[in-house]
Amino acid sequence: NKLQMAQKMLCEKHGFSEEALQDAQGKWEKDPDVAKLISQINDMETDAKQGMFPLVPNLAVPPALTKEKMLANIRQKHEKQLESLTKITKTFKELPPAKKRADQWRVMVANANMQAQIDSVNDFLKDNGVEGGTKMWLHVYATFQRDPEFVKELATIEKQFSDDSKKILADRPSAMDDSLVGFLNDRIKRVAPAELSMSLDEAKEKGAPVLTLVLNEQTDGAVL
């Protein structure tokens, strides 16, 4: 199974046998620090299955990153995405009919959205003197996702973004099909490459249809 494969790869990477790894697991499983880490990892799995962003073990939220600043950052990211969507839609409309391909437009929008996400996160962390990149941002987001007031305000922001996106898309050329609206709404689930296979397996077990979009510009994740 996947766990055994991961264990084998770990052993090969660090140059020890699977038996040695099992012995070490038995030796250290009751150590307080190891037990705490195992518990946190189990919590991550539970959160992921419930549709929550998991908390990264042993990572604290920097005091500089408040809930209000995170919400403001999300608003700023959406503003950049809407600006890109408007420009791309205008550019696409001006193309000759023979060159208007919906798949090409989708890729353009996807790349612009991802670039806005990357730029927004990097600028936000830099302005607040915080390191850690996307990993830190997602951990902070996951932490605040447990706060009802944050979730309530976030839902308002996401709905406004979805509504604004649909207004722009209402004037799109016919080659841009209705499925593009779904790409921009808040039902998209983002997963890291390591989680993608597990998510697909889970969807298969449920018999659920899945649309997967992997972006060329994105180096640390995919969109499911």
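This is a predicted model: local features need pLDDT of at least 70, side-chain atom pairs count only at pLDDT 80 or more; totals for chains, interfaces and linings use all residues.

Reader: Leaving aside its neighbours within four places in sequence, with which residues is Gln-145 in contact?

Author: A contact means heavy atoms within 4.5 Å. By that criterion, and with neighbours up to four places away in sequence set aside, Gln-145 is in contact with Gly-51, Met-52, Phe-53, Phe-150 and Val-151. Residues are numbered from 1 along each chain as its sequence is written, and side-chain values use heavy atoms, with hydrogens and water left out.

Reader: Where is Gln-145 found, and is Gln-145 buried or exposed?

Author: Helices (H or I, at least four residues) and strands (E, at least two) are DSSP runs, numbered from the N terminus. Gln-145 is found in the loop between α6 and α7 (148-169). For accessibility, buried means under 20% relative accessible area, exposed over 50%, and partly exposed in between, with a 1.4 Å probe and protein chains only. Gln-145 has a relative accessible area of 14%, so this residue is buried.

Reader: How many helices and strands are in the protein chain, and what pattern does the chain follow along the sequence?

Author: The protein chain has 9 helices and 2 strands. Their order along the sequence is α-α-α-α-α-α-α-α-β-α-β. Of the 224 residues in the chain, 30% are buried.

Reader: How many aromatic pairs does the structure hold?

Author: Rings of Phe, Tyr and Trp (its six-membered ring) pair if their centres lie within 6.5 Å; planes under 30 degrees apart count as stacked, over 60 as edge-to-face and the rest as tilted. The structure holds 4 aromatic pairs. In one of them, the rings of Trp-137 and Tyr-141 are stacked, because their centres are 5.4 Å apart and their planes stand at 15°. These two residues are 4 apart in helix α6 (residues 133-144), so about one helical turn separates Trp-137 from Tyr-141. Trp-137 counts as buried at 5% relative accessibility, and Tyr-141 counts as buried at 10%. Tyr-141 also forms an edge-to-face pair with Phe-150, at 6.1 Å centre to centre and 80° between the planes. Both Tyr-141 and Phe-150 are buried. One aromatic cluster is formed by Phe-53, Trp-137, Tyr-141, Phe-144 and Phe-150.

Reader: Which residues have the most contacts inside the largest nonpolar core?

Author: In soluble globular proteins, nonpolar side chains tend to be buried together. A nonpolar core is a set of buried Ala, Val, Leu, Ile, Met, Phe, Trp, Tyr and Cys residues joined through side-chain atoms within 4.5 Å. Here the largest such core has 16 residues, and those with the most contacts inside it are Met-70, Ile-74, Trp-137, Tyr-141 and Phe-150. The elements that give two or more residues to this core are α4 (67-93), α5 (102-127), α6 and α7. Helix α6 gives the most, with 5 residues. Another core, of 10 residues, lies apart from it and includes Leu-85, Ile-88, Trp-105 and Val-109.

Reader: At what angle do α4 and α6 pack?

Author: Two packed helices are described by the angle between their axes and the distance between the axes. Axes are lines fitted to C-alpha atoms, for helices over the stretch in contact, and angles run from 0 to 180 degrees between N-to-C directions. Helices α4 and α6 pack at an angle of about 115°, with their axes 11 Å apart. In this contact, Lys-67, Met-70, Asn-73 and Ile-74 of α4 meet Trp-137, Val-140, Tyr-141 and Phe-144 of α6. The residues of the contact divide into 6 nonpolar, 1 polar and 1 charged, where Ala, Val, Leu, Ile, Met, Phe, Trp, Tyr, Cys and Pro count as nonpolar, Asp, Glu, Lys and Arg as charged, and the others, Gly among them, as polar.

Reader: What is the phi of Asn-58?

Author: Most residues other than glycine have a negative phi, and most peptide bonds are trans. The phi of Asn-58 is near 60°, a positive value in a residue other than glycine. Asn-58 lies in the loop between α3 (32-49) and α4, and counts as exposed at 63% relative accessibility.
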